[in-house]
Amino acid sequence: MRISAPARVLARATAVLALTLSMAAGTTGLLSGTEAQALPVTDGSFAFSGDEGDWVSGGQSYAYATASQDVLNVSADTTGNGVHLSVDGANGDWWYLDLTAPSGQTLAPGTYTGATRYPFNEPAEPGLSLSGNGRGCNTLTGEFTIADVEFGPQGYVEKLDASFVQHCEGGTTAARGEVHIANPAPPAELDLGLAVALDGTASTLNGKATLHGTVSCNKPVRVDVSGDVTQVKNQRLIRGSFGTSVSCTPGTPTAWTATAVPTGDVPFQRGDVEVEARATATDPDYAQPVSVSETVAVRLKRA
């Protein structure tokens with residue numbers, strides 16, 4: 001029976017928790033950098049086999065490729081410390097492979113010896129872990145070789161050619177495999193621009209301040225514009241917040257208008273106010289939030 005993706009995530013999390021509890025309390029291996037969102041592999045393959053008696057492979061051979069309708073997803077730590085591969089085989093198999101350099105180092109071509117189980121490897125040790133189909137090592141030793149690797153922004157993996165050898169529980173039997181990934185050049189990161197117009201209005205009817213401006217972007221995205229307005233009038237401090245959302249299209253600035261409601265019983269009035277504005281959006285290619293801000297003096301007129 002094929003296990004759904006959420007079930008696989010739960011199964012791996014449960015296995016990691018169980019194995020973590022079985023580790024000695026003195027374990028000091030830590031994750032190196034933030035792992036970015038995994039993205040589909042456009043062109044890639046993953047294969048491994050094991051000796052008779054190897055626990056993870058069961059002494060069998062496995063091979064997966066995007067050309068065979070197997071789904072491969074890959075991500076890197078944002079610091080470039082390591083890569084993380086997940087495989088969703090068309091036949092229902094599921095596997096994970098983690099390859100990381102020692103803490104503080106960027107994964108680069110070369111052979112990494114003395115690897116131990118990721119993410120519990122000591123900071124000075126490389127990290128390695130092959131697991132899946134309900135099997136994984138409690139402790140492991142091994143090594144891996146990076147023939148080629150290229151990173152883009154936000155944990156994007158453009159290229160990876162690597163091989164590995166993994167021994168479970170200090171045994172001599174091993175699982176041996178390799179991975180090859182060729183993705184397109186990474187998309188540009190989201191670039192946001194924010195402008196606040198230097199004029200606005202103060203309503204004599206309800207005391208609200210209306211502001212406007214533009215946002216710009218290099219890819220289509222929904223942008224949230226928000227901020228705070230502060231005015232001092234007759235020794236009284238008047239404050240309010242505003243927020244709105246607009247759909248930004250590359251090539252031309254997109255106009256926004258928002259209204260700030262005073263928090264007290266004193267209305268906004270004609271004159272100067274300080275506006276602290278923020279524009280926030282999520283990069284559609286990297287699923288990362290991007291924000292820009294601007295603080296300007298705006299002159300309100302009666303409306």
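Me: What makes up the lining of the largest cavity, by class?
Reply: By class, five residues of this lining are nonpolar, three are polar and none is charged. Ala, Val, Leu, Ile, Met, Phe, Trp, Tyr, Cys and Pro count as nonpolar, Asp, Glu, Lys and Arg as charged, and the others, Gly among them, as polar. The model is predicted: local features need pLDDT of at least 70, side-chain atom pairs count only at pLDDT 80 or more, and totals for chains, interfaces and linings use all residues. Residues are numbered from 1 along each chain as its sequence is written, and side-chain values use heavy atoms, with hydrogens and water left out.

Me: Which residues line the largest cavity, and which elements give two or more of them?
Reply: The lining consists of L39, P40, V74, S75, G155, Y156, V157 and N183. Strand 1 (39–40) and strand 4 are the elements that each give two or more residues.

Me: Why is this space called a cavity?
Reply: On a 1 Å grid over the protein atoms alone, a cavity is a set of points where a 1.4 Å probe fits but cannot get out, and its lining residues have an atom within 4 Å of a point.

Me: Why is T66 called buried?
Reply: Buried means under 20% relative accessible area, exposed over 50%, and partly exposed in between (1.4 Å probe, protein chains only). T66 has 17% and is therefore buried. T66 lies in the loop between strand 3 (61–65) and strand 4 (71–76); strands are DSSP runs of E with at least two residues, numbered from the N terminus. Residues up to four places away in sequence aside, T66 touches V41, T42, D43, G44 and L72, where contact means heavy atoms within 4.5 Å.

Me: How do you know that strand 4 and strand 5 pair?
Reply: Two strands pair if DSSP finds at least two bridges between them. Six bridges join strand 4 to strand 5, in the antiparallel sense, and A76 has V83 as its bridge partner. Strand 5 (residues 82–88) also pairs with strand 6 (residues 94–100), antiparallel over seven bridges, with L85 partnered by L97. Six of the seven residues of strand 5 are buried.

Me: Why do strand 1 and strand 3 stand at the edges?
Reply: Eleven strands form an open sheet of mixed pairing, in the order 1-4-5-6-8-7-9-10-11-2-3. Strand 1 and strand 3 each have a single partner strand, so one side of each is left without a neighbour in the sheet.

Methods. Helices (H or I, at least four residues) and strands (E, at least two) are DSSP runs, numbered from the N terminus. On a 1 Å grid over the protein atoms alone, a cavity is a set of points where a 1.4 Å probe fits but cannot get out, and a pocket is an open set with protein on both sides within 12 Å along at least five of seven lines; lining residues have an atom within 4 Å of a point.
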